[in-house]
Amino acid sequence: VTADYLARIPYRAEVKAGLTKLLDYVKYGLPNHKGSYYFFTRNDGLQNQAVIYVQNGLTGSPRPLLDPNKLSKDGTSRVLDMAPSKDGKYVAYSVSSGGSDWQDAFVLETATGKTLSDHLQWLKATQLSWAGNGFFYSRYAAPEKGHELSSSNEFQTVYFHRVGDSQVQDQLVYEDKEHPHRFHTVTTTPDEQYAILSVSERGKGKDGNAIYFRDLAAGSSSFAPIVQEITNDSYEVVTHIGPKLVVLTNAEAPNSRVTIYDPTASSKWSDLIPQKPEPLDSVRAVGGKLFVSYTRDVTSRTYVYGMNGREESEVQFPGLGTAAGFVGKDNDTDAFYSFASGNYAPTIFRYNIAGKDSTVFQSAQIPGFNPEDYETKQVFYQSKDGTRIPMFLVFHKGLQLTGNNPTLLYAYGGFNISLTPSFSALRLALLEQGFVFATANLRGGGEYGEAWHRAGIKEHKQNVFDDFYAAAEWLIQNKYTSPEHLAIHGVSNGGLLIGATINQHPELFRVAIAQAGVMDMLRFQKFTIGWNWIADYGSSDNGSEYRVLRAYSPLHNIQTGVKYPATLITTADHDDRVVPGHSFKYAATLQQKASPDNPVLIRIDTNSGHGPSSTTKVLEQTADIYSFLFYNLGITPKFSELSTK
């Protein structure tokens with residue numbers, strides 16, 4: 001049904017061709033310095049997967065080390081984690097097939113590029129963390145063959161693998177036979193002196209983690225507790241200063257702070273960098289310094305601190321946008337980071353620590369794209385309860401506020417995830433047609449710290465939907481658009497947002513795109529790793545939380561005979577995170593009950609997962625979504641020289 005509908009859209013092929021040309025530019029990943037080598041990824045433009053390269057020193061000649069495009073015939077096998085050893089001699093990497101969250105891990109030799117005999121299976125929710133001649137990883141027992149989508153994902157264990165061994169020889173490092181839904185992840189400090197065990201149990205509704213450490217250099221064979229009880233407080237070990245661990249935490253600090261944990265002292269905790277009014281997003285240790293990144297009204301600010309906790313400088317960015325990375329070794333003189341915004345293409349910068357300045361290391365060269373042709377604007381609006389909500393708008397300069405501009409409103413609103421300014425070459429295809437692209441920073445995210453997150457979860461989830469309606473109403477009241485020209489879009493938790501939104505206010509929108517949404521709020525915890533979301537949503541197994549979930553669950557609140565927006569639902573056969581059943585049941589019920597005035601379609605991809613599994617899949621899915629948007633908003637797209645070069 002969906003294929004027939006999309007085939008009738010006369011310009012669908014033209015849309016895909018335009019998107020293909022927009023995406024055809026070289027894309028680089030941040031360099032990872034290990035030993036004498038620098039590792040990085042590069043996609044020449046339209047490769048299904050980025051290729052991993054290596055070079056000896058910053059001036060060496062890069063050579064391809066691992067080409068994931070050769071791992072499958074259709075290009076849907078992806079490298080999810082790539083971890084070089086401390087000396088750069090080996091690279092451990094994990095591979096996902098067809099979009100699944102399940103991973104297989106392998107090891108290759110950097111000097112020869114040869115993949116060794118090591119093969120580890122049934123990894124999920126893991127990191128590959130080196131310690132000497134091997135690495136830690138997390139796995140589950142093998143699910144019954146053919147039932148990977150219905151696997152319960154219970155009793156995650158941690159193992160240590162030595163290079164050259166078979167998986168059956170791996171050493172069991174940690175297990176817990178009493179708590180089936182706990183995550184156990186081991187990381188190591190940059191010098192590999194300490195192994196850090198993080199334990200979380202979001203299925204019990206707790207958002208934080210317990211944390212333990214093990215002194216590998218001293219030959220310790222067991223983990224000593226730092227924080228044993230799992231609460232809503234989170235802890236992350238960044239590095240260490242002698243025996244003292246540098247820890248990022250939100251304990252007694254909803255905006256987070258940097259602390260010192262000294263296991264040798266009677267008073268073990270002390271502040272290194274106290275909490276500030278802005279939320280602290282990340283801390284990275286490079287070159288004997290701490291790069292501490294905050295967000296101020298959803299845009300990045302990064303400061304360089306000494307290990308004594310004193311601020312030394314601020315990293316100057318090209319404008320208001322999103323910076324990420326700040327990677328390098330303990331003894332490096334430079335740190336590398338990326339920066340992007342709505343009209344600033346992703347650029348990798350090299351920050352000289354001594355000189356306190358940044359230079360461009362790699363920049364995206366998009367043919368025909370001129371950032372001066374576009375405007376990125378931040379606005380603020382009031383939600384239903386008076387809360388001030390930020391929103392970013394991107395549009396072509398010279399936009400006239402007629403009230404009739406086609407507009408795509410995007411949001412997420414959950415899991416402490418912040419929607420900071422980002423760049424998308426594919427989005428230019430919308431902006432060329434006069435679209436306004438709006439990103440609303442709803443409660444439930446992390447834009448203003450843990451208090452902002454908690455104001456949009458469990459019994460407060462309705463705040464997220466109210467924030468979204470208020471964004472739509474602001475766009476309409478300020479003449480950017482009208483209900484007849486307004487489309488909304490969300491993915492995963494954002495797909496839930498779309499489903500709940502059109503149930504509560506179908507009259508506000510012309511088109512709705514719900515990708516991989518959590519649609520059955522009464523049974524989400526029953527499938528694969530869905531129990532992990534109880535910390536944000538609550539659970540129908542709890543009486544009071546059931547009533548909250550039942551009140552907004554997209555599947556259970558569809559009304560008979562209502563004129564819903566033109567709706568496109570997407571899912572994929574290998575989505576073992578938000579299983580396709582959510583979208584199947586939701587689409588079937590909406591098709592059964594909605595008035596026939598507007599189309600209700602479900603697009604089901606194959607050999608793909610929670611997100612598109614390859615560049616080909618990205619282009620196919622985006623072309624169908626954009627064609628559906630144009631068609632139902634009454635737009636015949638005309639692609640300029642920007643997307644035809």
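## The β18–β19 pairing

β18 and strand β19 (residues 244-249) pair in the antiparallel sense over six bridges. Two strands count as paired if DSSP finds at least two bridges between them. Strands are DSSP runs of E with at least two residues, numbered from the N terminus. Within this pairing, Val237 has Val247 of β19 as its bridge partner.

This is a predicted model: local features need pLDDT of at least 70, side-chain atom pairs count only at pLDDT 80 or more, and totals for chains, interfaces and linings use all residues. Residues are numbered from 1 along each chain as its sequence is written, and side-chain values use heavy atoms, with hydrogens and water left out.

## The four-stranded sheet

The two strands belong to an open sheet of four, ordered β18-β19-β20-β21 with antiparallel pairing. Its edges are β18 (235-241) and β21 (269-273), each pairing on one side only. From one strand to the next, the twist averages 35 degrees. Axes here are lines fitted to C-alpha atoms, and angles run from 0 to 180 degrees between N-to-C directions.

## The whole chain

The chain holds 10 helices and 37 strands; helices are DSSP runs of H or I with at least four residues. The C-alpha trace spans about 70 × 55 × 50 Å along its principal axes.

## Burial and surface

Of the 645 residues, 57% are buried (under 20% relative accessible area, 1.4 Å probe, protein chains only). The chain exposes about 25,500 Å², with carbon and sulfur atoms supplying 48%. Areas come from the Shrake-Rupley method with a 1.4 Å probe.

Technical notes
Buried < 20%, exposed > 50% of the residue type's maximum accessible area, 1.4 Å probe, protein only.
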